[in-house]
Amino acid sequence: MTQTMDDNALGRLLADVEGGHRLTAEEGVSLLTATGPAVLAVAAAADRVRAARAGEAVTFVRNQNLNVTNLCVNRCGFCGFSRREGDPDAFMLSLDDVREAARLALSRGVTEICTVSGLAPGFTGETYAAILEACHDGAPGVHLHAGNPQEVAYGAARSGWSTAEQLGLLRKAGLGSLCGTAAEILVDSVRRRICPGKIRTAEWARIIVEAHGMGIPSTATIMYGSGESAAERIEHLGVLREIQDETGGFTEFVPLSYIHARTPLYRSGRAPAGATGREDLLMTAVARLFLDNIDHIQASWVKLGAKLATLLLLAGADDLGGTLYEEHITSAAGGSGEGYLDPAEMVRIATDLGRPLAERTTLYARVD
Ligand code: SF4
């Protein structure tokens, strides 16, 4: 464990948390920096809290990712996905392409289409709405999980209207829920280092609260492992916990481990080679213990591969995320876990853990 907490103190703290004690930031940092056998003690406590709060089922959603373009005006240091106009591998789907991709997704029986793109130079608020309309045309009835606070801010600014107006337009176009991405680390000093072109913490939080207030739920995420400290990770969790206290609009928390290989931050020596396995395990476990007001924690097999994701299901996670037929963002950054995770393989994972697999909707209703 840490120099500041012995085994007895750790045991007492974990028992207190299981009994309902809300972790302080300082306690969160001490758990997140656990080493040796203490790591497994934290994971075991998180697993018990998972069982009490979310039950035994390992859930998943049948979905398809749809990246409309990789053109982006930003150059976030951790991103290997964005391209400039004229780059040989830049792409931009037409609205007909989007409609066709949505149709194909529907034919595969998905219940969710997740669409996030770059901040393309020519996009306006109307463009993001038109993309959703094309998805809706191609796959009526399928839940559209789309955008994020950064896209909302960009679309609104490009069209000269408020973010509330932008959210309203997206909802009219079929938006079912907002992605909680573009959060990265919600600490401005870190944002200035890894994504200086992105909206600041207060603006991200304001747009999320606004969306929740309009009845648009969202996920919550963290992109960790690009060199931020344990205290900064906990500060991020603190921002999310406070928002959830106020709105109750987060459906789940998704820890996203930094995929480093093809990103400018790593290549220029300004970031480590991602989080270690110990950090991955503790990020999920401590999130389960710290976020006492978010029911579901996802193990992202896209970022970590199915084997490590399986271990996270023993450390506080209860959800395996999507089947994801197509995902360019992780592979562009050098990750290898992308593609498609067959529900049959998910059954094997859950069975191996002695737990049932259950299909869910985006909003965590069960699908028979
Ligand atoms: S993370 Fe998003 S906003 Fe940043 S460069 Fe990549 S695509 Fe653009």
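Modeller: Let us start with Glu56, which lies in the loop between H3 and E1, where helices (H or I, at least four residues) and strands (E, at least two) are DSSP runs numbered from the N terminus. Residues are numbered from 1 along each chain as its sequence is written. This is a predicted model, in which local features need pLDDT of at least 70 and side-chain atom pairs count only at pLDDT 80 or more, while totals for chains, interfaces and linings use all residues.

Biologist: Does Glu56 count as buried, partly exposed or exposed?

Modeller: A residue is buried if 20 or more other C-beta atoms, placed from the backbone, lie within 10 Å of its own, exposed if 12 or fewer, and partly exposed in between. Glu56 has 13 C-beta neighbours inside 10 Å, and it therefore counts as partly exposed.

Biologist: Leaving aside its neighbours within four places in sequence, which residues is Glu56 in contact with?

Modeller: Two residues are in contact if their C-beta atoms, placed from the backbone, lie within 7 Å. With neighbours within four places in sequence left aside, the contacts of Glu56 are Ala51, Arg355 and Pro356.

Biologist: What is the span of helix H3 from its first C-alpha to its last?

Modeller: H3 covers residues 37-54 and has 18 residues.

Biologist: Why are the buried residues of H3 on the same side of the helix, and which helices do they pack against?

Modeller: The buried residues of H3 are Ala38, Val42, Ala43, Ala45, Ala46, Arg50 and Ala54. They cover an arc of only 160° around the axis, taken from the directions from the helix axis to the C-beta atoms, and this puts them on the same side of H3. On the other side of H3, Pro37 and Ala52 are exposed. The helices against which the buried residues pack are H1 (7-18), H2 (25-32) and H12 (277-290).

Biologist: Are H12 and H13 parallel or oblique to each other?

Modeller: H12 and H13 (residues 301-312) pack at an angle of about 50°, with their axes 10 Å apart; axes are lines fitted to C-alpha atoms, for helices over the stretch in contact, and angles run from 0 to 180 degrees between N-to-C directions. The contact is made by Gly277, Asp280, Leu281 and Thr284 of H12 and by Leu304, Leu308, Leu311 and Leu312 of H13. Angles under 35 degrees count as roughly parallel, over 145 as roughly antiparallel, 65 to 115 as roughly perpendicular and the rest as oblique. H12 and H13 are therefore oblique.

Biologist: How are H5 and H7 oriented to each other?

Modeller: The axes of H5 and H7 (residues 163-172) come within 8 Å and cross at roughly 20°. Gly125, Tyr128, Ala129 and Leu132 of H5 make the contact with Gln166, Leu169 and Leu170 of H7. H5 and H7 are therefore roughly parallel.

Biologist: Which strands do the buried residues of H15 pack against?

Modeller: In H15 (residues 343-352), Met346, Ile349 and Ala350 are buried. Seen down the axis of H15, these buried residues fall within an arc of 95°, so they line one face of the helix. The face turned away from the buried side carries the exposed residues Ala344, Thr351 and Asp352. Besides H13, the buried residues pack against the strands E1 (58-61), E8 (319-322) and E9 (357-359).

Biologist: What is the phi of Ala182?

Modeller: Most residues other than glycine have a negative phi. Ala182 lies in the loop between E5 (175-178) and H8 (188-194) and is buried, with 25 other C-beta atoms within 10 Å. Although Ala182 is not a glycine, its phi is positive, at about 70°.

Biologist: Is Glu184 buried or exposed?

Modeller: Glu184 is found in the loop between E5 and H8, and its phi is near 50°, a positive value in a residue other than glycine. With 26 C-beta neighbours inside 10 Å, Glu184 counts as buried.

Key
The expected span of a helix is 1.5 Å times one less than its number of residues.
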